[in-house]
Amino acid sequence: MSIGFVRRLPPRPGAALVAALAAALVGAAGCTQPARGGIEATGTLDVVEYSVSPSVAARVARVLVEEGATVHRGDTLVVLGTPTLTADLAARTARARAAEAASAELANGARPAEVARAEADLAAATADADRAASDEQRLRGLAQRAVVSAQQYDAARALAASTAARRASAAAALQLLREGARRERRTAAAADAEGAMAGVAGLEALRHDLVLVAPIAGIVITRAVEAGEMVAPGQAALVLGETTRQRVRVFVNQGALSRVQPGQTVHARLDAYPGSDFTGRVVAVSTQAEFTPRVALTEKERADLLFGVKIEFADTTGMLKAGLPITVHIDAPARAP
């Protein structure tokens, strides 16, 4: 199974706008300095979103979840399919088996029965060659004394030569069987087998990629496909929200910026639950001012410089929902003058 391409989506524009308006309502500087020390600001909660998409073009066979459904990590979400995958996989598997068998045959060398047959062929060829050589030697003297004709002697000599050649051929064949295939042939056959197996592995991976599973535990925010539709590589089939990780972006003024650092502890409360207390931490501080005039000409305009601070929570109560306004207190006491 595969989670396909998983892409964290940026915060939606509406969330950023609401955060900016909320920050502006807190004060012209975007934050307040509570009596107990530290920095307070208000923003809108958001969840970390994941886009689940396939790595190859395919047709949707089944969608197993609806929008709003709760999913666990590893749950099957969408099943995709391609028409020729099963046949292609069977064909490549057969080719891989044939290549592996050929490679093993060259690596193992000749079978004992093949060697025994080659030895028997050599023995027969040797006997024929010896008999023909003996006949040729005997007829040579008879031909010199004109007891046999020259044609008879020539035939015996030709037979001796041909049987000697067959003996040499049989001896060479036996030697090749005993030595086995050349190293280059064995290497090439092994490489062919590895290539064929790699092709099978590629199709197996593709088959797993056609099953999209949940990369995280959360909820289904968007269901973007239906059964029968074609999806392209990287096209979002579903969007998941990681409900156990919430985040909020608030804004602080330039005077408070130096007192905010990544890793600082944050306490937060919901408007609907004044007595609630949620703990988070600062994960990022913007290095660029926002909501700033193009040219800060006056002291008042320079005071309007705001910097974004991203805060992340790990809530298991289920109370922190995307879109809720939340007030955060950053433990950053004012420095002594």
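Which residues lie nearest the centre of the second largest pocket? In this predicted model, in which local features need pLDDT of at least 70, side-chain atom pairs count only at pLDDT 80 or more, and totals for chains, interfaces and linings use all residues, those residues are Glu-105, Leu-106, Gly-109, Ala-110 and Leu-177, part of a lining of eleven. Residues are numbered from 1 along each chain as its sequence is written, and side-chain values use heavy atoms, with hydrogens and water left out.

The chain contains seven helices and 13 strands, where helices (H or I, at least four residues) and strands (E, at least two) are DSSP runs numbered from the N terminus. Of its 337 residues, 36% count as buried, a term for a relative accessible area under 20%, with exposed meaning over 50% and partly exposed in between (1.4 Å probe, protein chains only). The mean pLDDT of the chain is 80, and 83% of its residues reach 70 or more; pLDDT is the predictor's confidence in each residue, from 0 to 100. Over residues 10–30, however, the pLDDT is below 50, although this stretch has 31 contacts in the model beyond near neighbours in sequence, a contact meaning heavy atoms within 4.5 Å. Residues 32–36 also stay under 50 in pLDDT, with twelve contacts beyond four places in sequence. Where pLDDT is low, the predicted coordinates should not be read in detail.

The largest nonpolar core has 29 residues, and those with the most contacts inside it are Val-60, Val-71, Leu-77, Val-78, Leu-80 and Leu-240. Such a core is a set of buried Ala, Val, Leu, Ile, Met, Phe, Trp, Tyr and Cys residues joined through side-chain atoms within 4.5 Å. Two or more of its residues come from each of strand S2 (39–53), strand S3 (58–63), strand S5 (76–81), helix H2, helix H5 (183–209) and strand S9 (238–253). Apart from this core lies another, of 20 residues, among them Ala-41, Leu-270, Phe-278 and Val-282. Not counting residues up to four places away in sequence, the partners that Leu-240 touches include Val-48, Tyr-50, Val-71, Leu-77 and Ile-219.

The largest pocket has a volume of about 370 Å³. On a 1 Å grid over the protein atoms alone, a pocket is an open set of points where a 1.4 Å probe fits, with protein on both sides within 12 Å along at least five of seven lines, and lining residues have an atom within 4 Å of a point. Grid points are joined across faces, edges and corners, and a volume is the space filled by probe spheres set on the points. Among the 21 lining residues of the largest pocket, Val-47, Ile-219, Thr-243, Lys-321 and Ala-322 are the closest to its centre. Strand S2 gives the largest share of this lining, five residues. The second largest pocket, of about 230 Å³, receives at least two lining residues from each of H2 and helix H4 (150–179).

Ser-103 lies in helix H2 (residues 85–108) and counts as buried because its relative accessibility is 14%. Beyond residues up to four places away in sequence, Ser-103 touches Ala-189, Ala-190 and Ala-193. Gly-141, by contrast, is placed in helix H3 (residues 112–144) and counts as partly exposed, since its relative accessibility is 22%.
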